[in-house]
Amino acid sequence: MFVSDFRKEFYEVVQSQRVLLFVASDVDALCACKILQALFQCDHVQYTLVPVSGWQELETAFLEHKEQFHYFILINCGANVDLLDILQPDEDTIFFVCDTHRPVNVINVYNDTQVLFVLCPQTLCTFYCHRPKLTSSNREIVEQTMRRRQRREWEARRRDILFDYEQYEYHGTSSAMVMFELAWMLSKDLNDMLWWAIVGLTDQWVQDKITQMKYVTDVGVLQRHVSRHNHRNEDEENTLSVDCTRISFEYDLRLVLYQHWSLHDSLCNTSYTAARFKLWSVHGQKRLQEFLADMGLPLKQVKQKFQAMDISLKENLREMIEESANKFGMKDMRVQTFSIHFGFKHKFLASDVVFATMSLMESPEKDGSGTDHFIQALDSLSRSNLDKLYHGLELAKKQLRATQQTIASCLCTNLVISQGPFLYCSLMEGTPDVMLFSRPASLSLLSKHLLKSFVCSTKNRRCKLLPLVMAAPLSVEHGTVTVVGIPPETDMSVLGRGKAAESTSSRMLHNHFDLSVIELKAEDRSKFLDALISLLS
Amino acid sequence: MDAAEVEFLAEKELVTIIPNFSLDKIYLIGGDLGPFNPGLPVEVPLWLAINLKQRQKCRLLPPEWMDIEKLEKMRDHERKEETFTPMPSPYYMELTKLLLNHASDNIPKADEIRTLVKDMWDTRIAKLRVSADSFVRQQEAHAKLDNLTLMEINTSGTFLTQALNHMYKLRTNLQPLESTQSQDF
């Protein structure tokens, strides 16, 4: 069931109880969790936070805690499968689900009492249209046969509609934005919470989970809030203290981390520019140098840290880069985004924070329990833990460099092979930095960038329409690999469930909340691929 | 006394807030508080004001003396005079620190206020040091200090009294022969 009034039906119910928060491991969920935690602290609500990265962890944690709690809040997990079937809860347990995964599982929606969805109201309309209508009729014998036939037709139509509905996976409005709406309804929204909502939305855009149109619409929504909170900066009479956070709207360059890195490094490691320039080839490197020369930027300046660049060069940098980029065929060099400012020194763009937090969460270092990374990433979002954020920025730089190097090596050694209805690439165990790509988000990002670069590198028109399946080793002891499916650039839909795996009875684990990521035993890879080929062709 | 104890005493000072919730009058041992109506200003002790602000249940209003012109006048007056001038509140330093740390978005021109108050504090502590120095040099028996706040006394007080004790011990140990001769039976 969908919650229509966030305040009465969700927050006030939860306010007087002890709740358990299950939070998935992505940046959007972290931001939503931060906002909710701040609200809970204002009202002294007792809560327990359990980070989960997959269905198995969710189930174990649920079994541990189900005696003590009646109210559970799930953030970015649980919408797309039948919750009650998997978790087997008691009669009086209630689940509040705030999830961006669509399509929402039909059984979850029609459960009136136990599963409540805390979602943006726009999603309601598109869903209800799908429900097929059952026509009523009289109880006469002649009519009975008609009814039976109608019922069969209705069932066939229902199956078709459900198949279409569940075939493709996509994402809805960011959970962090939904939580911010809740805070706004309670009049407890602060600039800090607004920033977390912005980071959540930017995470969806960075990982290509939403279309450009939806991103722009949501940016517009957030911009209204930003001007509401931050209009006092222009007023000379009552300027705010320098320590207060200020958020401003920017139409800034798309280059990743460029203000915390050198311009040259940022140009080489942003997938947009690396793919368009074809930087894995010598010809591409020359084009990059032509580009810099066209703008009149000396190479020495460009390779220096951005903050140390000459002020005269930095003044019109954005417009210069946009103009030159247009000449080289890159039309979307600038993107609408937000930046935060506090103290004299600290300025961050939303995408910087997204990459830093993502790298903190998915860093391959094994220290302590698995939740340490989650807690570190969660902490780095607060203003008082800037050293963690800077550490995250360094890790992000390493990750981006490794991504580009892997892409370059894959393209140069022709590891991307066409298997008919899709493209396939597999990372071998000996590849440098391969452990950085064992987690799903990093692997998805790598695969998306690889697909874009591959499309730019070949002259084959057909490749633009093909999806990519990417495999990377997950754990050497168990001999498992993670497999990710990425849609082609032009189409937002994703491969549905891995029915292929079930049909070949390969040992696979559908552990992640994203249905396009599965774990597989290494030996079963070829069987899985064969089945996938036959399914898609 | 600890600086934290002085801050604790300072938290009893009354400040004005504008709450966004409603609550009837509450009767505490230290006094009555309230009633709270959204949008209407009410006077509460500082400890409650800070707690409510952190829970986003109120908006703080700066005290009357926390104004740029008034503070500038006070600072200039303090710099001109040789002795200590009266301060706007017996706990001005603690109030400034707490209000500017937790509610700087409700106080206009917070940075300048912080600088002005720090200037006043520095001037007064310098005067205190000069007077303590002359007190010790001339071995005076008592000194009169008007208009000192508890925080300033606390900052220099412990060290000064302990140092004087030490000096007394050292001084008495210098004259052992004379003292034994002057004993009466």
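Begin by selecting residues 65–169 of chain B, a stretch that is 69% helix and 0% strand, with its end C-alpha atoms 45 Å apart. The UniProt annotation for this range, from an unreviewed entry, reads "domain: GINS subunit". Throughout the tour, please bear in mind that the model is predicted.

Next, select residues 3–60 of chain B. Here UniProt, again in an unreviewed entry, places the feature "domain: DNA replication complex GINS protein PSF2 N-terminal". The chain over residues 3–60 is 29% helix and 33% strand, and 24 Å separates the end C-alpha atoms.

**Where chain B meets chain A**

Now display both chains and turn to the interface. On the chain B side 11 residues are in contact with 16 residues of chain A. About 1000 Å² of area is buried between the two chains, and carbon and sulfur atoms give 42% of that area.

How many salt bridges are there between chain B and chain A? The count is one. To find this salt bridge, select Lys57(B) and Asp43(A), whose closest N and O atoms are 3.6 Å apart. Helix 5 of chain B (residues 110–137) supplies three residues, the largest share of the side of chain B that touches chain A. By class, that side comprises two nonpolar, three polar and six charged residues. Two residue pairs are in polar contact across the interface, both at pLDDT 80 or more.

Over all chains, the count of salt bridges comes to 26. Side chains of opposite charge can pair when their charged atoms come close.

Select Asp252(A) and Arg318(A), which meet in a salt bridge at 3.3 Å, N to O. Asp252(A) belongs to strand 8 (residues 246–253) and Arg318(A) to helix 16 (residues 317–327) of chain A, so this pair ties together parts that are 66 residues apart in sequence. Is Asp252(A) buried or exposed? Asp252(A) counts as buried, because its relative accessibility is 0%, and the cut-off for buried is under 20%. Arg318(A), by contrast, is partly exposed, with a relative accessible area of 25%.

Lys8(A) counts as exposed at 56% relative accessibility, while Asp5(A) is partly exposed at 23%.

A further pair to select is Asp379(A) and Lys388(A), joined by a salt bridge in which the closest N and O atoms are 3.2 Å apart. Asp379(A) is partly exposed, at 24% relative accessibility, and Lys388(A) is partly exposed as well, with a relative accessible area of 25%.

Select Ser266(A), found in helix 11 (residues 263–269) of chain A. Ser266(A) is buried, with a relative accessible area of 1%. Which residues are in contact with Ser266(A), leaving aside its neighbours within four places in sequence? They are Leu255(A), Val256(A), Tyr258(A), Trp261(A) and Thr273(A).

The tour ends at Gly343(A), in the loop between strand 9 (334–342) and strand 10 (346–349) of chain A. Not counting residues up to four places away in sequence, Gly343(A) touches Val242(A) and Asp243(A). Finally, select Glu519(A) together with Gly343(A): their C-alpha atoms are separated by 45 Å, and the two residues are 176 residues apart along the chain.

Note on methods: Residues numbered from 1 in each chain as written. Chains lettered and ligands numbered in written order. Predicted model: local features only at pLDDT ≥ 70, side-chain atom pairs only at ≥ 80, totals over all residues. Heavy atoms only, no water. Helix = DSSP H or I, 4+ residues; strand = E, 2+ residues; numbered from the N terminus. Contact = heavy atoms within 4.5 Å. UniProt positions renumbered as here; feature names shortened; annotations may be inferred. Buried area = accessible area lost by both parts, 1.4 Å probe. Salt bridge = Lys/Arg side-chain N within 4 Å of Asp/Glu carboxyl O. Polar contact = N/O pair within 3.5 Å; in protein donor to acceptor, adjacent residues only side chain to side chain. Nonpolar A, V, L, I, M, F, W, Y, C, P; charged D, E, K, R; others polar. Buried < 20%, exposed > 50% of the residue type's maximum accessible area, 1.4 Å probe, protein only.
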